[in-house]
Amino acid sequence: MEHVAVDEVDNAVQPAAVMRRLTDELGCEDLAINYYELAPGDSFAFAYHEHSVQEEVFVVLSGTATWETESGTVTVGPNEAIRFGPGERQRGWNRTDEDGEGERVRALALGAPLSYGDQPKTAPCPECGEDAPVSIGRPDDDPEAVVTTCDDCGTEVGRWVRGDDGDNERVV
Ligand SMILES: [Zn+2]
């Protein structure tokens, strides 16, 4: 048995204000589980993506999340869950009012098996003018930050850092 207090797990730099990786804390052997808090405008993911092997379930605990899916936009409210099978493209957001009125989304993401396989992903590239394949990495100028770069032209299309208040924030 393993027991963990979610709030005591380190916050990882991610496109969500808070993302606590519970997988290793709980010693999970073939399940990925992460806790998320999304401020208005935040996303669960760095890009619109799929997992070639892993299925993924998101359980929204509070707030309302909005997913881009292959079937269009899907809104998921408190005490609702959404499941994506391997190969289904998706990206979830907190699309509530970004002017300070929006509520945080709190959610758990569960994926199995632990290994997700290939993860093809795209994001808008201002240089290419459309959704382009992107890669996720750490920039040379800030090893604490996480960036997404366009595979076609090399442009940095997203950058996330830890803010002074302890939450993650997007700066590009
Ligand atoms: Zn590009």
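Predicted model: local features only at pLDDT ≥ 70, side-chain atom pairs only at ≥ 80, totals over all residues.
**Entry 1: N79 and its loop**

I began with N79, which I found in the loop between β6 (72-76) and β7 (80-84), where strands are DSSP runs of E of at least two residues, helices are runs of H or I of at least four residues, and both are numbered from the N terminus. N79 has a positive phi of about 65° although it is not a glycine. I noted for comparison that most residues other than glycine have a negative phi, and most peptide bonds are trans.

Residues are numbered from 1 along each chain as its sequence is written.

**Entry 2: the cis peptide bond**

I also looked up the peptide bond from A112 to P113, which is cis, with omega near -5°. P113 is found in the loop between β9 and β10.

**Entry 3: the whole protein**

I counted 0 helices and 14 strands in the protein. The protein has 172 residues and a radius of gyration of 16 Å, which agrees with the value near 16 Å for a compact globule; the radius is taken over C-alpha atoms, and the globule rule is 2.2 Å times the number of residues to the power 0.38. Along the principal axes, the C-alpha atoms fill a box of roughly 50 × 35 × 30 Å. Of the 172 residues, 30% count as buried. Among contacts with a separation of 6 or more, residues 24 or more positions apart account for 56%, a contact being two residues whose C-beta atoms, placed from the backbone, lie within 7 Å.

**Entry 4: the five-stranded sheet**

I traced an open sheet of 5 strands in the order β1-β2-β9-β4-β7, with antiparallel pairing; two strands pair if DSSP finds at least two bridges between them. The edge strands are β1 and β7, each of which pairs on one side only. The twist averages 20° from one strand to the next, with axes as lines fitted to C-alpha atoms (for helices, over the stretch in contact) and angles running from 0 to 180 degrees between N-to-C directions. Within this sheet I looked at β4 and β9, which pair in the antiparallel sense over 7 bridges, and I found V60 opposite A107 in β9.

I next followed the pairings around β10. Strand β3 (residues 48-49) is joined to β10 by 2 bridges and runs antiparallel to it, with H49 opposite K121 in β10. On to β11: β10 pairs with this strand in the antiparallel sense over 4 bridges, where A123 has A132 as its bridge partner and T122 has P133. The hairpin of β10 and β11 has 4 residues between the strands, and G129 takes a positive phi near 75° there. β11 also pairs with β12 in the antiparallel sense, over 4 bridges, and G137 stands opposite V147 in β12.

In strand β12 (residues 146-150) I picked out T149, which is buried, because 20 other C-beta atoms lie within 10 Å. Not counting residues up to four places away in sequence, T149 touches V134, S135, G137, G154, T155, E156 and V157. T149 and C125 are 24 residues apart in sequence and 8.6 Å apart in space, C-alpha to C-alpha.

For A16 I listed the contacts, not counting residues up to four places away in sequence, as Y36, E37, L38, D42, S43, F44 and N168.

Methods
Buried ≥ 20, exposed ≤ 12 C-beta atoms within 10 Å, placed from the backbone.
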